[in-house]
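Visitor: Could you walk me through this structure, one question at a time?
Guide: Gladly, let's look at it together.

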Number of protein chains: 2
Amino acid sequence: MSSNVLHYDELKHFCQEAFGGFGFNEKDSAVITDVLLLSDLYGIDSHGTNRIVMYHELIKDGNIDIEAQPEIVMETPVSAVIDGKRGMGQLVACYAAETAIAKAKTSGIGLVTVRNSNHYGIAGYYSLMACREGLLGISMTNSRVSVLPTFGKTPMMGTNPFAISIPATPQPFNFDVATSVVPIGKVELYNKLGKQLPLGWGMNVDGLDETDPAKILAGIPFGRSGVHPVGGGTEEFGGHKGYGFSMVVEIFCSILSMGTTSNHIMEEKGQSGICHFIAAIDPKIFGDPSAIQEHLESYLDEIRNSEKATGRERIYTHGEKEVEAYAKRMEEGIPVNDKTIEEMKALADYLHMDFCQYFPTLKPLK
Amino acid sequence: MSSNVLHYDELKHFCQEAFGGFGFNEKDSAVITDVLLLSDLYGIDSHGTNRIVMYHELIKDGNIDIEAQPEIVMETPVSAVIDGKRGMGQLVACYAAETAIAKAKTSGIGLVTVRNSNHYGIAGYYSLMACREGLLGISMTNSRVSVLPTFGKTPMMGTNPFAISIPATPQPFNFDVATSVVPIGKVELYNKLGKQLPLGWGMNVDGLDETDPAKILAGIPFGRSGVHPVGGGTEEFGGHKGYGFSMVVEIFCSILSMGTTSNHIMEEKGQSGICHFIAAIDPKIFGDPSAIQEHLESYLDEIRNSEKATGRERIYTHGEKEVEAYAKRMEEGIPVNDKTIEEMKALADYLHMDFCQYFPTLKPLK
């Protein structure tokens, strides 16, 4: 997989016009593009531009309704339940985050649970929306089934990411992770590279530990194989704890919203059912926000400056790597592999867009 | 370590009178005893009766003030900050849980952060208090430093447990875990049994992975060695994720309360600084509570009934093992090892209590 480097502005322009081509209005296309491009800039390549084709398929199949308007079906001063009406996940989740932020600003806290939405990209985008307003933000989503409960053979949860973002300098504390031991995208990457997986990442369709990525991936579309939660497939390294954190995400997203649990998402064409939970908390309900922020910054500094393990040069706090990748990729461009370029080119042809016009500096593919 | 079996009623009687002997009034002694005994009944032996001596030491050293009255220093309709005034952790945390529950009943949600408290026993006790009132309960605490940040040599977090409890039948969903790969008590157990640890649980004072439990334990009282977060010491099995969940606990407990972060707890005699976070959420702010509960029960049933991995006979949902242990130990008694019996006996002598009178059926120790 050789890599091409695309400039942020070019990729943004292409992405916006492509979503416009799918039928989204200019404002909505800009929002979707911003979510996908932040993922690319943060170095989370599995959730950025390379997903355009996946979203296009979901639109064509009727899982995503581009005309949908999410609706608040129940609310209190501190909470809301939103029906996403099968809308584009990024648009539904931004609406949920705005609702949570508005409630936090008036009531101190806003908890918003969402049913009947779609894949929303990186979880951290929505917790960071709250963070930019000086609030503590939380974002979770369930997802298509792929994660095994401890001692189980059939996946029952999604990779169920959890994100929390809290204001701090030089960058927010921004913890954004799948509650699975690895994202499915990483298993796919090992497969493309012909590499074996470490023992303990996942199981094959026979319910046995498997190191061949192809044999794990084979059963996933049919809900017959999967990866383990954080900590792996045994209790020895805390796999039952990862399973619990995955369940926490499931409960806040699909149970409290009376939505679809991961094991029933996309059971048929035209149905999605993905559920989110987005919360915002104003730190001023606990004290002086700037004092709280300084207290956090001082602790994060102590951790970063603490002694390193033998052979290690640096201790990261959560969110640092992403901010550094952002600066680098804004400057040097975003690496995109050949397969994604080919998919984007085919998509451009389909939408009658002149691909070369968007990326004038891109070398022609062989 | 041979094991003696004590009846619940006998152990409860002894425990109440011992705490009475320390100077607590009858009501407070009963609360503390109830927290410790639930841990014993749940099979979480590291946090029950065997801790009586530890609490006694902390009282004698002035870390715990038995006269302390926790005080709400700031509150809104949805939140409170409590100064524990160095009170007994169980009493401070029960007060925090009652505060959170009362706020949830009037405002739909109550978030309570606590500074300047002490070791509070099992986290799940306080989330279960909310659960018994039909609410979703959350409980977290930081703790004396013992957990390493990913790639770090110096422990910077405590084992920082996280608990969440939600009403369901036949038992609540009750997820209560340390965010470390294992509790320190488990490393101590391996040491007593002369067993080597699996590689990846902890590091020695030289910042190297260590399988000899004694070499990990040696540095812990001095903050010079520790165990890894859930997922272990590398990113391969998600150790950076466990580190993040540990940080989430730290932020809700010590940062939002302007309290003491784990790396500064008990830095001197007479100071503790342990911080908690206890929340209650009324599910009725999201819909019909009984419909939500049925939705959860149906999902938990699906998981328990899903296919088992090869060689596994059962899939647990969180809280099942504890409820089964409770029934068994209520019936058959609570196993207590010789060392704890000896400590309890010495404590009884110190308090001028007739040990044998409390445990008439106990065989004499050699």
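Visitor: In what order do the three strands of the open sheet in chain A lie?
Guide: In this predicted model, local features need pLDDT of at least 70 and side-chain atom pairs count only at pLDDT 80 or more, while totals for chains, interfaces and linings use all residues. Strands here are DSSP runs of E with at least two residues, numbered from the N terminus, and two of them pair if DSSP finds at least two bridges between them. The pairing in this sheet is antiparallel. The edge strands, each pairing on one side only, are β9 (209–210) and β10 (226–227) of chain A, and the order is β9-β8-β10.

Visitor: Which residue of β9(A) does Gly202(A) stand opposite?
Guide: Residues are numbered from 1 along each chain as its sequence is written, chains are lettered from A in the order in which they are written, and side-chain values use heavy atoms, leaving out hydrogens and water. Strand β8 of chain A covers residues 202–203 and joins β9(A) over two antiparallel bridges. Opposite Gly202(A) stands Glu210(A).

Visitor: Which element gives the most residues to the side of domain 1 of chain A that touches domain 2 of chain A?
Guide: Domain bounds come from an automatic or database domain assignment, and domain 1 of chain A spans 1–60 + 333–366. Its contact with domain 2 of chain A (heavy atoms within 4.5 Å) takes 17 residues from domain 1 and 13 residues from domain 2. Two helices (H or I runs of at least four residues) give two or more residues to the domain 1 side: α2 (26–41) and α3 (52–60) of chain A. The largest share, eight residues, comes from α2(A).

Visitor: How much area is buried between chain A and chain B?
Guide: Buried area is the accessible area (1.4 Å probe) that two parts lose on being put together, summed over both. Each chain contributes to this contact, with 89 residues from chain A and 89 residues from chain B. Phe151(A), Phe286(A) and Tyr299(A) supply 11% of the area that chain A buries against chain B, more than any other three residues. Carbon and sulfur atoms give 72% of the total, which is about 7,500 Å².

Visitor: How many salt bridges does the rule find across the interface of chain A and chain B?
Guide: A salt bridge is a side-chain nitrogen of Lys or Arg within 4 Å of a carboxyl oxygen of Asp or Glu. One of them joins Glu307(A) and Lys153(B), at 3.7 Å from N to O. Between domain 1 and domain 2 of chain A the count is zero, whereas across the interface of chain A and chain B it is six.
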